[in-house]
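Q: Could you take a close look at the aromatic rings in this one, and then at whatever else is worth a glance around them? Cut-offs included, please.

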Amino acid sequence: MLRNTNKHYRFDWITILIFLVLVGFGWLNILSASQTGDAIHYFDTAQPYGKQLVFIVLTFGIIITLLALDTKFYERFSSVIYIVSMLSLVGLFLFGKNVNGATSWYGIGGFTIQPSEFAKAATALAVAKFVSDLNTDINRLKDQLQTFTIIALPAFLVLLQNDTGSTIVYAAFIFVLYREGLSQIYLYTGLFVVIIAVLALKFGALVVASGVSVLILIFYYFNRKKVTLLQTLGIITFGCVLAFGIKFFYESILKPHQQDRISLWLRLEKDPEKLEQMKRTFAYNLNESEKAISSGGFLGRGFLEGTRTTGKFVPEQHTDYIFSTVGEEWGFLGSGIVVLLFVLLILRILHLAELQKTQFSRVYGYCVAAIIFIHFLINIGMVMGLIPTIGIPLPMFSYGGSGLWAFTILLFIFIKLDSNRINEW
């Protein structure tokens with residue numbers, strides 16, 4: 001009897017420890033980025049660091065609840081959770097609060113809650129449930145379309161809220177489906193589209209279309225036994241239409257500020273005066289973020305000693321640009337440790353996912369790893385100027401109760417599912 005009781009407390013403490021370290025270190029950087037120079041009152045909810053500390057304390061209640069629920073609950077009620085989550089996204093169009101141009105929040109007293117953050121976990125559960133169903137064959141077109149619909153619905157609703165960053169996260173599910181047997185053609189097509197898009201904007205649609213046509217014809221010449229002429233012409237047509245379509249989309253569909261962000265990223269703008277104007281306007285955050293990170297050197301300036309952080313040179317630094325605080329105050333060494341912690345967390349989740357005894361748990365584990373990876377990659381890449389500026393938080397690190405709680409739910413559901421494997425002995 002004692003053995004059966006104790007086994008319920010067997011969880012993967014390595015994953016939990018990494019989570020706690022990231023949350024704790026994140027809070028220290030939120031404190032640094034949001035402190036005003038006055039005496040620090042840790043539970044002062046007028047300050048971001050005070051609010052975040054309250055969010056962290058409440059997070060432990062969420063963790064206890066998630067771990068107390070039976071593992072079968074998440075699979076049985078995944079569809080219900082998904083439907084409720086979709087309704088919460090639809091409700092924003094009626095009762096949502098507009099913040100910085102995005103209608104993505106419900107206002108509750110002095111706090112706001114962002115349902116799009118929780119929709120990622122709900123979608124992960126729904127995808128895991130559908131893919132693991134005995135009647136589902138991911139290589140069957142009908143099932144592929146149903147899976148893509150499950151993923152596309154929340155992405156579309158979030159896009160309508162003018163939250164492009166959260167929409168892009170849903171692309172992470174393609175890696176999950178690939179692990180479950182989805183044809184490689186989807187990955188190759190996606191990679192082909194990205195490469196053509198970047199090259200078309202950088203060198204012009206006509207140059208890229210011509211180059212692609214020549215390369216594909218050369219490939220066909222040496223592989224005539226494997227590839228038909230009709231397939232070759234189809235790929236050439238697709239590449240040419242894509243190159244000119246991307247150029248048209250960039251010039252005629254995207255808004256000026258979106259064009260400017262892509263132009264700055266790809267170094268399309270050559271006019272020095274226009275570049276300086278960009279750095280003073282929409283690219284101000286990025287420019288100051290890069291300066292803050294570079295000023296940290298190898299060891300950093302020290303906790304609460306970052307001049308650009310304490311001087312508030314980077315607006316809203318405690319949110320999407322929190323990594324610039326790490327770079328300035330903790331230097332290359334501290335930044336490297338943060339990156340290493342995220343890599344270890346993602347690899348640990350993938351390792352545990354492969355050990356699962358049910359497909360539902362495995363698919364869900366891969367969803368968790370993919371979502372965290374996309375957030376981590378885009379946020380740090382954005383802050384360092386490696387990818388276009390996209391508003392997206394750093395998991396467990398950036399300020400915000402919705403983000404912290406959503407990632408807690410996402411991760412600890414998997415920890416609970418994994419405990420079912422551990423405790424079966």
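A: Phe397 counts as buried because its relative accessibility is 1%, where buried means under 20% relative accessible area, exposed over 50% and partly exposed in between (1.4 Å probe, protein chains only). Phe25 counts as buried too, at 15%. This is a predicted model, so to speak of local features takes pLDDT of at least 70 and side-chain atom pairs count only at pLDDT 80 or more, while totals for chains, interfaces and linings use all residues. Residues are numbered from 1 along each chain as its sequence is written, and side-chain values use heavy atoms, with hydrogens and water left out.

Back to the rings. The structure holds 15 aromatic pairs; rings of Phe, Tyr and Trp (its six-membered ring) pair if their centres lie within 6.5 Å, and planes under 30 degrees apart count as stacked, over 60 as edge-to-face and the rest as tilted. Phe25 and Phe397 have ring centres 5.8 Å apart and planes at 85 degrees, so they're edge-to-face. Helices here are DSSP runs (H or I, at least four residues), numbered from the N terminus. Phe25 and Phe397 also belong to one aromatic cluster with Phe303, Trp330, Phe342 and Phe376.

Another pair is Tyr221 with Phe222: centres 5.2 Å apart, planes at 90 degrees, so edge-to-face. Phe222 counts as exposed, at 64% relative accessibility.

There's a charge over a ring as well: Arg308 lies over the face of Phe313, 4.5 Å from the ring centre. The test is NZ of Lys or CZ of Arg within 6 Å of the ring centre and within 35 degrees of the ring normal.

Now for Tyr178, in helix H9 (residues 173-179). Tyr178 is partly exposed, with a relative accessible area of 34%. Leaving aside neighbours within four places in sequence, Tyr178 is in contact (heavy atoms within 4.5 Å) with Gln184 and Leu187.

Last, the helix packing. The axes of H6 (residues 115-131) and H18 (residues 359-383) come within 8 Å and cross at roughly 145 degrees; axes are lines fitted to C-alpha atoms over the stretch in contact, with angles running from 0 to 180 degrees between N-to-C directions. Residues making the contact include Ala124 and Leu125 of H6, and Phe360 and Tyr364 of H18.

Technical notes: Helices (H or I, at least four residues) and strands (E, at least two) are DSSP runs, numbered from the N terminus.
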